[in-house]
Amino acid sequence: MKILVTGGLGYIGSHVVVELQNEGFEVVIIDNLSNASLEVLDGITAITNKQPTFENIDLRDKPLVTAFFKKHQDITGVIHFAASKAVGESVELPLLYYENNLNPLLYILQELQKKAGAHFIFSSSCTVYGQADELPITENAPMKPAESPYGNTKQIGEEIIKDTCKVSPNLNAIALRYFNPIGAHETANIGELPTGTPQNLVPFITQTAIGLRQQLSVFGKDYPTKDGTCIRDYIHVVDLAKAHVTALKRLIKNKNTTPFEVFNIGTGKGSSVLEVIAAFEAVTGEKLNYKIVARRQGDVIAAYADTTKAKNSLGWETKLSLKDALRSAWKWEQKIRS
Ligand code: WQD
């Protein structure tokens, strides 16, 4: 079965391509290389010994999307990662985010609607919940007004898919709401490649430990949490990747109960920033240079997943620990700086 993975050379996309190939799927990647490098294709091939087909297409160009689906009529499934994802940047450049994160979604869905049967997996985010009133967060938690255009594009994206699936009997979809993906493939052939200064915690930690960054700034230690720092649900990117294959198989086997389903994909455990730092120091033996600074605007206090639905309905749960993820992140950082 031939599957299109858009943004398939990106951090999460590349790990999903590996797991799809491991399960025998034929994969076509579309990526416009705006936030990924072609070397990732070699990394994937080094792991699976199968080079996925790659096409450098900007999905904002509707005629190119139509031409692609005409050329690959045998694609029956799409896993859609291609999008801009920097929360802060989205506040500065809202129109870029609305165009890049929504127009390609429309064009792909228009093509899938024409098919006799199609399966669609959407990369969504726990960002849609904002600061949830109850923890752990279930899929029934209300979507709060988005705090950034990025978060808004995930909320709007889910609504677009839901409305489309309602009127397209041949199209079924699942949105996976990720918590915080971290780590890298155990082979260190693929991993996170942040461009410029990392916004996310774990790449900043590994770049500080390797000496690329002087010091980690911990954004606030005055939150109402166990140690005053924010709590998140850090999930190993390989566990997250496997959730995509499980979700795709659910649709292929028609096991979905509604045309559009949503699952929270997390470990179900919350870890504070200081706990992540301590875990990193424990697994690597590296002493991390950090300082406490002011809070970062827009941060929620705590977010971690209720994993009941993913476990009982999707039939997926995490297998890897925070320490496994941090160990793999460190191995990857050392590999790419060697
Ligand atoms: C985690 C914690 C920071 C960097 C992001 C995206 C979100 C989603 C998941 C896409 C927070 C603290 C961080 C640093 C720090 N991605 N921190 N110093 O903000 O939970 O969510 O990833 O869907 O959209 O925003 O992740 O890694 O940025 O921050 O203290 O240098 O680490 O304050 O408490 P976040 P993060």
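This is a predicted model: local features need pLDDT of at least 70, side-chain atom pairs count only at pLDDT 80 or more; totals for chains, interfaces and linings use all residues.
Tutor: Local features here require pLDDT of at least 70 and side-chain atom pairs pLDDT 80 or more, while totals for chains, interfaces and linings use all residues. Residues are numbered from 1 along each chain as its sequence is written, and side-chain values use heavy atoms, without hydrogens and water.

Student: Why is the ligand said to lie between domain 1 and domain 2?

Tutor: Domain 1 (2-182 + 235-265) and domain 2 (201-231 + 268-331) both contribute residues to the shell around the ligand, so the ligand lies between them. The domain bounds come from an automatic or database domain assignment.

Student: Why is the pair of F68 and F69 called edge-to-face?

Tutor: Rings of Phe, Tyr and Trp (its six-membered ring) pair if their centres lie within 6.5 Å; planes under 30 degrees apart count as stacked, over 60 as edge-to-face and the rest as tilted. The centres of F68 and F69 are 5.4 Å apart and the planes stand at 85°, so the pair is edge-to-face.

Student: How do you know whether F68 is buried or exposed?

Tutor: Buried means under 20% relative accessible area, exposed over 50%, partly exposed in between (1.4 Å probe, protein chains only). F68 has 3% relative accessibility and therefore counts as buried; F69, at 5%, is buried as well.
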